[in-house]
Amino acid sequence: MSQQAHAIVYLTMKGGVGKTTLAANVTRAMADLAPRKANGQDTKILLIDADAQCNLTQIFLTPEEMEASQNSNLYNAFDSFRAIEGPSQFHSTPYTNRTNGCRIDLIAGSFETFSFVLATPTRQKQAEGSFRHFMNKARAEYDLIVFDTNPSATFLTLQALAASDFLVAPITFDSFSLRGLDLIRRELGKRHEWLTNPRRIRIVPNKIKRASRDADRARQEDEEQAIVANFPHLEESIMLSRIHESGFLDNRLGKRGLGFVVDQNVLPMHKDSLDGVRSDFESVGRSLWIALAEAFEHEDENQNVVVASIRRAFQGIFGGAVARP
Amino acid sequence: VGLWRDLSELQRVEFDALLDELYRKPTSTKRAAHAKPSQPKDDRPVTRIAHQLRERSSLADDIAMAKLTEALIARGVRREFIPNPTSKTLEAWLTSLIAQVSETRVMVAAKQIKN
């Protein structure tokens, strides 16, 4: 069985749906849920900020730290000499779960990657080749790779998509979000056939209102069903697990170096609300691990060991223990 | 005339009982048709799938487990990933199930089950 890591790309064509927040925090939940590998090695996840706006990076690094990461950010992965070194040479480690040993490494984003949009075709081809080499090394070194992207078909977004084999699309439940995703599936599916397989796509409803009254839940359910009815081919991709609206998730972008949402220190009166957010991320994270295991279960040669063992690990612990750091 | 004949044969007590019964019944089928189906008590995946099976497909728990098992196998899910339904509540069984089979796949299969 190969050790090649699967790569998830967080991508939609609509901004403000929560790509970056989910890419960071659901990945953290996945790290907490990851099984220990049979060979005793720790599970490693690589988080790559493939958005030139660097929002994901700003969650973890202060402006000073970002400045200091100039020689180790994503731009270097497109450099023919630096790419050979692979990700182990230029990452930071924003998180390690002390219980299961799972580690999240970050490749910081780079404003300079914007220059590839206007580069000559020759320069773009050269950069693509370097990035492919870099990703081959990353797949061998890590168990899972996660890209955060920009909501438009930039050079960087297309490179992230080309390097991935699974798509996660956060949506706020409206027709535009699903239409944007349908567009990706239809148009980019011509280039990357895996995008036409509903098992390789997970749509995560985000910013869902917590309806406490029956009537509100009924209205919410009716609205969702009406939207889904227009996209029947996406039904098998839409997760039942969801992220609810929460003050903890608002306006985090722009506040630099805040880290993961669940690590915030809160007053005792807000603890239950934060636990609700934690529970949502865990539910989506667990569901994503299962979806990955299902998506690749018939492709034993490409199956990654961590993904293959996830079902065994979840037997008996679902709803129970998550490896707390 | 027919109605008068029927009514005139009734005793006063029987007539009052009939009136009471008429008052209690919904006045039209329209109101029944507009009644909202019950909603799951929260939006967690297990609650929503259980609600789909119990309320929308009107299945008893043991039948729901058996039919969902059949439906999942028909959709290509390997038997080894479906937990044994022995004496568990539907919710407990579904909790174990979605730790092995993706919740979306389970819901799509549940929606296709007819009582």
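In chain A of this predicted model, helix H1 (residues 19-33) and helix H8 (271-295) have axes that come within 8 Å and cross at roughly 75 degrees. That makes H1(A) roughly perpendicular to H8(A), a label used for angles of 65 to 115 degrees, while angles under 35 degrees count as roughly parallel. Axes here are lines fitted to C-alpha atoms over the stretch in contact, with angles running from 0 to 180 degrees between N-to-C directions. Helices are DSSP runs (H or I, at least four residues), numbered from the N terminus.

From H1(A), residues including A:Leu22, A:Val26 and A:Met30 take part in the contact (heavy atoms within 4.5 Å). Among their partners in H8(A) are A:Phe281, A:Leu288 and A:Trp289. By class, this contact has 10 nonpolar, 2 polar and 2 charged residues; Asp, Glu, Lys and Arg count as charged, Ala, Val, Leu, Ile, Met, Phe, Trp, Tyr, Cys and Pro as nonpolar, and the others as polar.

Chain B has a helix pair to look at too. Its helices H4 (residues 45-56) and H7 (residues 103-111) have axes that come within 9 Å and cross at roughly 10 degrees, so H4(B) and H7(B) are roughly parallel. B:Ile49 and B:Leu53 are among the residues that H4(B) brings to the contact, and B:Val106 and B:Met107 are among those from H7(B). The contact divides into 6 nonpolar, 1 polar and 3 charged residues.

Now to the place where the chains meet. The contact draws on 28 residues of chain A and 25 residues of chain B. About 2400 Å² is buried between them, 45% of it from carbon and sulfur atoms; this is the accessible area (1.4 Å probe) lost on being put together, summed over both parts.

| Salt bridge | Closest N to O |
|---|---|
| A:Glu224 and B:Arg48 | 4.0 Å |

A:Asp263 lies in the loop between H7 and H8 of chain A and A:Arg28 in H1, so the pair ties together parts 235 residues apart in sequence.

A note on conventions: residues are numbered from 1 along each chain, and chains are lettered from A in the order written. Local features need pLDDT of at least 70 and side-chain atom pairs 80 or more, while totals for chains, interfaces and linings use all residues, and side-chain values use heavy atoms, without hydrogens and water.

Notes:
Buried area = accessible area lost by both parts, 1.4 Å probe. Salt bridge = Lys/Arg side-chain N within 4 Å of Asp/Glu carboxyl O. Helix = DSSP H or I, 4+ residues; strand = E, 2+ residues; numbered from the N terminus. Parallel < 35°, antiparallel > 145°, perpendicular 65-115°, else oblique.
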